[in-house]
Structures are given as structure tokens and as C-alpha cells.
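This briefing covers side-chain contacts in one protein chain. Please view the sequence and the model before reading the points on aromatic pairs, charges over rings and salt bridges.

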Amino acid sequence: MTGLVIAFFCPILLSMVGMEPSSGYTTAAVAAFRANAQQFAQSAEQLKVSVKAITKGDTASVAKARAALISCRNQYKRIEYFMEYYFGYPVNLYNRAPVYEVEEPYMEYQAPIGLQVVEDLLLDDEVYANQKELVDQCEVISTTANDIPATLYDFKTTDAQLLEAVRLEIIRVMTLGITGYDAPQLKTGIVESAIAFRTLQNNLQPLLEAYPGATADSVRYYIRQSIALLEAHPEFNGFDRLQFFTHATLPLQHYFGQFVKEQKLELQTHFALNYDAPHLFATNALDVTAFAAGKDSGDRVLLAALGKELFFENRLSGNGRRSCATCHQPGKFFTDGLAKSKTIDEAGEVSRNAPTLLYAAYQRMQFHDGRAGSLEEQIGAVLQNPKEMNADLKQVVALLNADAHYHDAFDKAFASNGTDSVVTMYKLATALAAYEQTLAPFSSPFDAYLAGDKTAMNSAQIEGFNLFMGKAQCGTCHFAPVFNGLLPPYYERTELEVLGVPQNGNLKRPTMDTDSGRYNFFAISFNNGAFKTSTVRNAAVTAPYMHNGAFKTLKQVVDFYNKGGGAGLKMKVENQTLSDKPLGLTTKEVNHLVAFLEALTDKPSGGFTHP
């Protein structure tokens with residue numbers, strides 16, 4: 001591989017490492033990790049040997065190498081929770097998507113490397129031609145794996161840290177492991193998830209025994225239940241993921257969180273997650289304020305109420321006839337139903353589709369190309385855009401300051417104590433963002449089902465969810481629970497993808513889209529045609545779809561993915577991050593997938609109406 005560098009292990013430890021272990025649990029967990037890491041290193045070496053032994057025309061040698069890859073991945077799953085929590089760099093080699101990683105704003109990038117790249121090369125039709133690149137990849141993996149045990153010299157940790165590592169691994173399995181995120185072609189995600197859970201079970205046992213009680217018994221029971229379901233149904237496409245959630249992992253999360261709290265072993269190093277939430281699909285599982293540009297300085301209820309008023313305020317536009325609600329209409333689930341919105345003079349159209357604002361607050365990037373890092377930044381950009389709101393910000397602020405009602409509302413919301421310049425652009429954006437943060441009702445039939453109402457979804461929708469999280473591979477880009485590009489389990493990064501969406505929406509005679517996406521913002525080739533992965537919550541009622549509004553129906557969208565995106569349609573999309581291999585979904589499965597997407601439609605609420 002061009003640019004492949006043999007890199008040596010360089011651990012990035014949490015700042016708290018070095019503290020004295022607080023129980024025998026930590027000693028046992030570190031010892032287990034050391035032993036498993038040694039086995040992983042051995043399996044990585046065996047993978048390298050098997051790859052070197054591939055002989056052209058010898059299918060048995062290829063099969064042996066593929067079996068060695070599976071073994072190596074299984075061994076990694078035994079150390080995954082520990083590696084992911086304590087070490088930074090090496091994890092990228094073992095457990096990341098095989099795409100170019102762009103380091104912004106420095107315009108640097110790292111070529112694909114690691115086990116997923118090996119998977120791509122080994123399962124490729126040109127496997128024999130890939131041998132040299134395979135050997136190079138395996139050399140990197142083996143070299144770094146051999147260095148892992150040595151990093152544990154004088155390594156110390158605490159019960160609280162290890163329990164947070166476990167908490168995060170449960171989420172990782174629920175959102176990535178069972179979706180096939182890191183083994184998309186091997187389809188070994190269910191088997192690997194079972195191995196990861198067995199590791200958690202073995203490592204938790206001493207601590208659960210040290211603090212016996214009803215909660216510890218429940219944790220023990222639901223870990224067993226999780227493993228039983230995974231091991232009983234290891235076939236990837238047929239695994240019942242909804243049952244796995246409702247009968248095992250959601251109650252496991254609830255009791256595990258309770259256990260941690262009872263033992264006063266709470267620790268949080270990733271603040272997008274709300275550890276007080278009962279499980280990942282609770283309405284408060286993610287802390288929406290963690291995605292804001294800054295901490296609100298006012299009353300959140302008053303801020304949101306003020307923001308709602310401003311959302312419908314025409315004086316925020318240059319011509320006094322347009323508001324945020326013009327293109328994000330509550331009655332249309334905060335879209336306008338157009339492929340591309342009208343410009344402020346209504347003589348033309350803007351360059352992209354207006355996405356729903358529902359759940360927009362749960363992103364690390366805003367706009368389709370991700371050029372804004374927060375809602376607040378996006379608001380300022382939209383107000384000043386000559387085609388959208390075309391506002392003079394100084395004039396807007398002056399108008400609102402001169403309005404007695406707004407002057408009073410801003411004064412109360414921000415506790416300004418009657419100062420003359422109560423209204424500022426910063427406060428205006430903060431208030432609007434506070435309102436948008438309330439636009440996440442989590443009130444769909446799917447949410448009701450997970451909350452205990454087993455009549456909320458029908459059999460087609462249930463099957464559709466299992467397809468979404470499995471065979472259809474939707475869940476490998478639209479991550480639970482918001483089903484957008486917010487990458488679990490830390491939810492600290494939003495992913496962008498190159499899909500090759502045609503400009504005309506015609507799957508039989510597609511034409512290349514001229515929109516370069518993020519490339520317009522960061523001009524590096526891997527960003528050409530890259531767009532943010534938006535939520536599919538309320539997708540059934542927010543047509544048309546994609547950044548250019550090219551598809552009119554959900555069935556068209558699913559068919560596009562089913563055919564392998566633009567490259568699968570034989571378009572020239574050299575940097576496509578979506579696999580170009582067809583998904584093989586039947587007509588019935590497509591219909592079931594659409595049915596599930598319909599089950600993600602929220603019930604309209606107070607936030608959907610004009611104040």
C-alpha cells in the first residue's frame with residue numbers, strides 16, 4: 001500500500017492511569033488482558049504467516065488465511081474493551097473502517113490500514129494480486145500487537161475506570177458489533193460480540209462477587225442472557241437484534257448503571273453520554289447540551305421559549321418576509337418538502353436540500369458538508385447567507401433591542417439585569433439553538449416499543465429493524481440511537497460518507513452530481529463528494545431525500561443502497577466509502593426496511609406548532 005508505514009506501538013493512557021489499584025478485581029482484569037494480548041499477538045503473527053503462504057491458484061491457502069483472519073479478529077475481541085478505553089493509536093490499526101482518515105484543518109491524511117483492510121483484500125476477487133499489500137498490512141498489525149504486553153509494565157488502574165470501560169463496551173457491541181461495522185464482509189459480528197461479552201462476564205465476576213446483592217445478580221443474569229442469545233443464533237443475517245435489546249442488553253445497561261452507582265464507583269470521561277439514563281434508547285441517553293458551542297448562561301426553559309419565538313420571527317431576514325420556519329416548517333417535520341429550497345427572492349433555489357431540524361442538535365457537524373461545528377455557528381451562517389436569510393446582523397440586533405417585548409424576553413432568559421445591550425448575536429444564536437435542542441421528541445412507534453409497548457410495531461417493522469441493523473448494513477453508518485452519523489460509543493465525532501448519489505435520481509441512467517460536498521470546505525481529494533450522514537428518524541415524512549433531493553421515495557433510497565451506491569450503478573466514484581457490492585435485499589426485505597423507517601416517525605407535539 002502506498003504510504004504504508006511500519007508503526008510502533010505508542011500508547012495513549014488515560015490521565016488517571018498510575019493510580020493504585022483499589023481491589024483484586026483490577027489485578028485480575030489486567031492479568032487477563034495481558035494473557036489475551038499475548039494470544040492476540042500470536043494470532044496476528046499466524047495471520048502474517050498464512051498470508052505469506054498464499055499461492056496463486058491455491059484456494060486452500062486463501063481459505064487458511066481467511067480462517068487466520070477470523071481467529072485474529074476473535075482474539076482482538078477479547079482485549080477490545082480494554083484497548084479501546086486505555087489506548088488510542090493502536091486501536092486504529094485493529095478496529096477502524098478501511099477509509100482515508102483526514103486530519104483537519106491540517107490537510108493531512110492517513111491511508112487505510114488494519115484488519116478491515118486485510119478483510120477487504122482477502123475477500124477480494126483479486127486476492128492473489130493483493131498479496132504484497134496484505135503482507136505489508138499484516139506486518140504492521142503483528143509488530144504493534146507484539147508490543148502490547150510490554151506497555152503494561154507498572155500499569156495501574158481503578159475499579160471505576162474498568163467499570164466505565166465495560167459500560168462503553170456494552171454500547172460498542174449494541175451499536176457496532178452486532179451491525180457488522182468492523183467485519184462487514186466476514187459477517188462475523190455476532191460471534192465476535194459473544195466473545196466480547198464473555199470477556200466482560202469473566203472480568204466482572206470477581207467484582208460482582210465482592211459486592212453481592214440483587215443488583216449484582218441482575219447484572220450477572222443479563223450478561224448470561226446476552227451471551228446466550230448471541231451464541232444460540234450466530235448467523236449474522238438471521239440474528240434477532242430487537243430481541244437482543246429488549247431481553248438482554250437494555251435491562252443489562254439499567255442494572256449495570258445501578259450497580260456502579262450503588263458501589264459509588266461512578267466515573268465519566270465521555271460527556272455526550274448520560275450515565276443516569278436507564279439505557280441507550282432512553283430519551284435522555286445522550287446529553288444534548290454536550291453538543292452545544294458553549295454552556296448556556298441563562299435559564300434553559302426561558303431560552304428555548306425565546307428561541308421558538310425567534311424561529312418564526314421575519315425580522316431575522318433581510319427583506320422582513322422570511323423566517324427559519326420558511327424552510328423548516330413544523331407541519332412538514334421541519335422541512336419544506338422541496339428538493340432544494342427557494343432563495344430569499346424566490347427567483348431561484350439554494351444549492352442543497354433543507355434537512356429536518358429534528359435531532360439536528362445531536363451532531364458534531366452542521367450543514368450537509370459539515371462546515372459548521374455547532375448549531376450556533378450554523379445559525380449565524382444561515383442568517384448572513386445572501387440566498388437564504390440575507391440579514392444584516394447589526395440591524396437585526398438593533399431591531400430586537402428596540403422591541404420592548406424582545407428586550408424583556410432576552411433580559412429574563414439571560415439574566416441581563418436590565419443592561420442596554422440585552423440582545424446580542426451570540427445570545428440570539430444561543431436562544432435559537434436552545435429551541436432546536438428541544439426538537440428531539442423520541443416519540444416514534446419504535447421508541448414506544450423499546451419503552452415496553454410491544455403493540456407499537458408490527459411484524460414487518462420488527463423485521464425491518466433487524467434488517468436495518470444487520471443485512472442491509474444501514475446501522476453501520478446511521479448509528480443508534482439517533483440513527484445518524486454520530487459515532488458510538490463516545491458520540492464525539494460525526495462521520496461523513498461518499499455515496500455517489502446521482503444528480504438526477506435515476507438509477508437506470510444516473511448522472512454524476514456536480515456538488516463536491518466537503519471538498520468545497522476542505523479541498524482534499526478524499527472529501528470530494530463527502531456529505532454528513534443525517535438522521536433517518538422521520539425519514540418517512542421528510543421527502544425528498546439526500547443532499548440534493550434526488551430521490552422522491554424511501555424505496556428509491558433503499559434501492560440505491562441495495563445496488564451499491566453510485567459505484568454499484570457503474571458511475572465513476574473512485575473514493576466512494578460505501579461498499580459498491582450489492583446488498584442482495586429481496587423485494588420483501590426492501591418493503592420491510594421501509595416499514596421500519598416509517599416506524600421512526602415521531603408523534604407531532606407542542607414543538608411542531610407555531611407559538
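A residue counts as buried when its relative accessible area is under 20%, and as exposed when that area is over 50%. By that rule F245 and F281 are both buried. The model is a predicted one. Across the whole structure, a search finds 38 aromatic pairs and 25 salt bridges.

**Aromatic pairs and cluster**

- F245 and F281 form a tilted aromatic pair, with 5.4 Å from centre to centre and 45° between the planes.
- This pair links distant parts of the chain, 36 residues apart: F245 is in helix α10 (residues 241–262), and F281 is in the loop between α10 and α11 (300–311).
- The planes of F446 and F483 lie at 65°, so this pair is edge-to-face, with ring centres 5.7 Å apart.
- F446 belongs to helix α17 (residues 445–450) and F483 to the loop between α18 (459–468) and β3 (496–498), so the pair links distant parts of the chain, 37 residues apart.
- Both F446 and F483 are buried.
- One aromatic cluster is formed by F197, F239, F244, F245, F281, F446, F465, F468, F483 and F596.

**Charges over rings**

- R241 lies over the face of F236, 4.6 Å from the ring centre.
- K454 has its charged end over the ring of Y449, at 5.0 Å from the centre of that ring.

- D447 and R537 form a salt bridge in which the closest N and O atoms are 2.8 Å apart.
- D447 is buried, as is R537.
- A salt bridge also joins the side chains of E589 and K471, at 2.9 Å from N to O.
- Because E589 lies in helix α21 (residues 587–598) and K471 in the loop between α18 and β3, this pair ties together parts that are 118 residues apart in sequence.
- E589 and K471 are both buried.

**An exposed salt bridge and a network**

- The side chains of K572 and E574 meet in a salt bridge at 3.8 Å, N to O.
- K572 has a relative accessible area of 65%, so K572 is exposed.
- E574 is at 71% relative accessibility and therefore counts as exposed.
- A network of salt bridges links R73, K77, E80, D182 and E192.

Definitions and conventions
Residues numbered from 1 in each chain as written. Predicted model: local features only at pLDDT ≥ 70, side-chain atom pairs only at ≥ 80, totals over all residues. Heavy atoms only, no water. Phe/Tyr/Trp six-rings, centres within 6.5 Å; stacked < 30°, edge-to-face > 60°. Helix = DSSP H or I, 4+ residues; strand = E, 2+ residues; numbered from the N terminus. Buried < 20%, exposed > 50% of the residue type's maximum accessible area, 1.4 Å probe, protein only. Lys NZ or Arg CZ within 6 Å of the ring centre and 35° of its normal. Salt bridge = Lys/Arg side-chain N within 4 Å of Asp/Glu carboxyl O.
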